[in-house]
Amino acid sequence: MTQTHINIAMLAHVDAGKTTLSEALLYKSGSIRKAGRVDNKDAFLDTNEMERNRGITIFSKQAVFSYGGCEFILLDTPGHVDFSAETERTLQVLDYAILVVSGTEGVQSHTKTLWKLLAKYNVPCFIFVNKMDLAGANKGIAMAKLKSKLSDNCVDFDTVDTDEFYENIALCDEDLLVKYEEGNLQKSHIVKAIKDRKIFPCMFGAALKLKGTEEFLDCIYN
């Protein structure tokens with residue numbers, strides 16, 4: 001991204017690992033010395049006693065971190081459907097959103113609700129499929145579900161710079177297809193397509209073990 005200041009929010013169905021990913025990104029950016037855990041009640045962003053006791057995010061909160069010369073304001077939103085009004089208020093001030101999907105549970109009911117809200121407010125979105133270290137998580141199945149239940153324009157960015165990657169990018173938009181066929185598909189074209197909600201970058205990892213989190217941060221920054 002060429003921006004020097006980005007407002008970005010975490011959204012997810014409850015228990016997908018949204019707060020855990022927030023902790024991982026803050027840790028990888030050097031903003032906190034240790035990534036907290038929801039189950040240990042020491043997550044940096046779950047500051048309310050009720051949140052710590054229940055192990056869920058109830059109130060939207062923010063943290064500021066720098067990465068690659070860019071300042072990010074990271075908003076952690078509630079994942080529970082009971083607090084979706086709090087989440088919707090947050091969407092109105094965003095440059096980008098991060099939608100966290102459980103690698104074992106897949107696209108859930110509230111995930112679809114959040115997806116519709118992102119479309120309503122025209123918010124560009126990155127997707128992080130979490131908990132890929134757990135039994136039952138399958139990347140191929142998860143990617144297929146993202147395409148069928150969210151958008152055909154969900155693209156696996158773990159395969160960046162491969163022929164398959166550029167082919168998948170080209171299929172997302174007519175202009176991108178023309179540029180690809182002409183041999184002129186540039187990074188700037190992909191960045192613009194993400195901003196225009198023509199591409200939804202998807203990456204896979206395990207936030208609790210910090211797997212794939214630095215790569216995801218690089219994807220958002222770059």
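View 1. With a relative accessible area of 28%, K28 is partly exposed (buried means under 20%, exposed over 50% and partly exposed in between, using a 1.4 Å probe and protein chains only). This is a predicted model, where local features need pLDDT of at least 70 and side-chain atom pairs count only at pLDDT 80 or more, while totals for chains, interfaces and linings use all residues. Residues are numbered from 1 along each chain as its sequence is written, and side-chain values use heavy atoms, leaving out hydrogens and water. K28 and E214 make a salt bridge, their closest N and O atoms 3.7 Å apart (that is, a side-chain nitrogen of Lys or Arg within 4 Å of a carboxyl oxygen of Asp or Glu). K28 sits in helix 1 (residues 18–28) and E214 in helix 9, so the pair ties together parts 186 residues apart in sequence (helices are DSSP runs of H or I, at least four residues, strands are runs of E, at least two, and both are numbered from the N terminus). E214 is partly exposed too, at 35%.

**View 2. Two loops meet at D133 and K209.** Here the salt bridge has its closest N and O atoms 3.3 Å apart. D133 comes from the loop between strand 5 (125–130) and helix 5 (139–149), K209 from the loop between strand 7 (200–204) and helix 9, so the pair links parts 76 residues apart in sequence. D133 is partly exposed at 33%, while K209 is exposed at 51%.

**View 3. D173 reaches K198.** These side chains meet in a salt bridge at 3.6 Å, N to O. D173 belongs to the loop between helix 6 and helix 7 (174–181) and K198 to the loop between helix 8 and strand 7, so the pair joins parts 25 residues apart in sequence. D173 is buried at 18%, whereas K198 is partly exposed at 30%.

**View 4. A salt-bridge network takes in K139, D156 and D158.** The structure holds seven salt bridges.

**View 5. Helix 4 has a buried side.** H110, T111, L114, W115, L117 and L118 are the buried residues of helix 4. Looking down the axis of helix 4, they fall within an arc of 160°, so they line one face (the arc is that of the directions from the axis to the C-beta atoms). Turned away from that buried side are the exposed S109, K116 and K120. N122 follows helix 4, with a positive phi near 55°.

**View 6. E105 sits in the loop between strand 4 (96–102) and helix 4.** E105 counts as exposed, at 53% relative accessibility.
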